[in-house]
Protein chains: 2
Amino acid sequence: MASRTTQILEAAVRVIARHGVRGLRVEELAAEAGVSTGLIYYHFKDRAGVLRRTLQFISDRAGHYTTVRDPDAAPLTPREELEQSLLLELQDTGEVRENSSAWGELRASAVFDPLLREELASATSLWVREVTAMLTRVNPAAPASAPAAAAERLTALVEGLSMRWLSGGIPVDRARTLMLEAVEAEIAMLQRR
Amino acid sequence: MASRTTQILEAAVRVIARHGVRGLRVEELAAEAGVSTGLIYYHFKDRAGVLRRTLQFISDRAGHYTTVRDPDAAPLTPREELEQSLLLELQDTGEVRENSSAWGELRASAVFDPLLREELASATSLWVREVTAMLTRVNPAAPASAPAAAAERLTALVEGLSMRWLSGGIPVDRARTLMLEAVEAEIAMLQRR
């Protein structure tokens, strides 16, 4: 069974994905999580604490569904591993929709809310470093700055395409096709460096 | 002098860029614009009407600052025209910051608010068509679907990089460098098609 903290964080993601960051009030979160507001203040100190921990939680959860695989499946090539990791962010499942909606909402809110920025920047740089490592495995010969720049672009593109998909602009399959072609373009450029 | 409608729309962009879409109330907008709430209801019918027209206004304004040039300057090559049009979205000026913050906020809100989706989708597809036309001028020989896909990616990347920049994740110069390299990668891919 999920711990009380996890239960509160899962509820926070649902509330943010449904009503936005500004819609997140401690009273509403308590009702959604089925706990007292006192317990939330005890575990998270205040609303800012809830937001920071929710951001970490969303980032960890995305890290989980983009890397965990069937242990019996054939091993992936470095390129397949990269493609899969990026495409798993563009899946039409309840969990990914909810996670990505909440992430996009936190990103947009960080423009107005300096409190969120630091946490968002470290979650983002962790993600960029993981994608950089995958790109380096695809092309170990490229100069170090090239996979890092490609990773910044590919992750920013995942965010851009996710928001288009979640806001009803493009179907998820189109977002996936566009993403795969971006990987192709970036790998071709790495090979020319 | 700006018309009353323009004055209200400019105030709406400021309020959204400062407090988000959910922070936009007709009373607050009236105070910001220095007009009566009655005048806002007269011109825009309701809050949804304000949001729809504000989205069009932001889109038109971005279209303006990304295309208007000094008439005496040397003509640009198709590639320079494309690069300039994308880079002008990543400028550290008050107008671009405000416009892009409001655009990102409207994009994030459209995830929760179906009312915004249609208007956002048509503003986006207009932008994608413009960038597609520029890419076609860069490489007239590419099959028609290739510049369209590249334009979807480059515009989604502008959005992704803008949000990173505006949320304090990367400096604006880094966003511009990443954008120029993306143009390079996309044009190289078009030439291989």
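This is a predicted model: local features need pLDDT of at least 70, side-chain atom pairs count only at pLDDT 80 or more; totals for chains, interfaces and linings use all residues.
Let's take one chain by itself. Chain A has 9 helices and 0 strands. If you walk along chain A from the N terminus, the order of elements reads α-α-α-α-α-α-α-α-α. Now for its overall dimensions: the C-alpha trace of chain A spans about 55 × 40 × 30 Å along its principal axes. How does that fit with a compact globule? For 193 residues, such a globule would have a radius of gyration near 16 Å, and the 18 Å of chain A agrees with this.

What about the inside of the chain? Of the 193 residues of chain A, 45% count as buried. Among contacts in chain A with a separation of 6 or more, 65% are between residues 24 or more positions apart.

Helix H1 of chain A covers residues 4-19, and helix H2 of chain A covers residues 26-33. Their axes come within 9 Å and cross at roughly 115°, and H1(A) passes H2(A) in a right-handed crossing. Which residues make this contact? From H1(A) come A:Gln7, A:Ile8, A:Ala11, A:Ala12, A:Arg14 and A:Val15, while H2(A) brings A:Glu28, A:Leu29, A:Glu32 and A:Ala33. Sorted by class, the contact of H1(A) with H2(A) has 6 nonpolar, 1 polar and 3 charged residues.

Chain B has its own version of this pair. The axes of H1(B) and H2(B) come within 9 Å and cross at roughly 115°, again in a right-handed crossing. Residues making the contact include B:Gln7 and B:Ile8 of H1(B), along with B:Glu28 and B:Leu29 of H2(B).

While you're in chain B, find B:Ile58. It sits in helix H4 of chain B, which covers residues 47-67. Is B:Ile58 buried or exposed? The cut-off for buried is 20 or more other C-beta atoms within 10 Å. B:Ile58 has 24 of them within that distance, so it is buried. Leaving out residues up to four places away in sequence, B:Ile58 touches B:Val13, B:Asn99, B:Ala102 and B:Trp103. Have a look at B:Ser100 too: B:Ile58 and B:Ser100 are 42 residues apart in sequence, but their C-alpha atoms are 8.3 Å apart in space.

Finally, back to the place where the two chains meet. How many residues does the contact take from each chain? There are 37 from chain A and 37 from chain B. On the side of chain A that touches chain B, helices H6 (94-110), H7 (114-138), H8 (145-166) and H9 (172-192) each supply at least two residues. The largest share, 11 residues, comes from H8(A). By class, this side of chain A divides into 17 nonpolar, 9 polar and 11 charged residues.

Methods:
Residues are numbered from 1 along each chain as its sequence is written. Chains are lettered from A and ligands numbered from 1 in the order in which they are written. Axes are lines fitted to C-alpha atoms, for helices over the stretch in contact, and angles run from 0 to 180 degrees between N-to-C directions. Helices (H or I, at least four residues) and strands (E, at least two) are DSSP runs, numbered from the N terminus. A crossing is left-handed if the near helix is turned anticlockwise from the far one by less than a right angle, and right-handed if clockwise. Two residues are in contact if their C-beta atoms, placed from the backbone, lie within 7 Å. Ala, Val, Leu, Ile, Met, Phe, Trp, Tyr, Cys and Pro count as nonpolar, Asp, Glu, Lys and Arg as charged, and the others, Gly among them, as polar. The radius of gyration is taken over C-alpha atoms; the globule rule is 2.2 Å times the number of residues to the power 0.38. A residue is buried if 20 or more other C-beta atoms lie within 10 Å of its own, exposed if 12 or fewer, and partly exposed in between; C-beta atoms are placed from the backbone.
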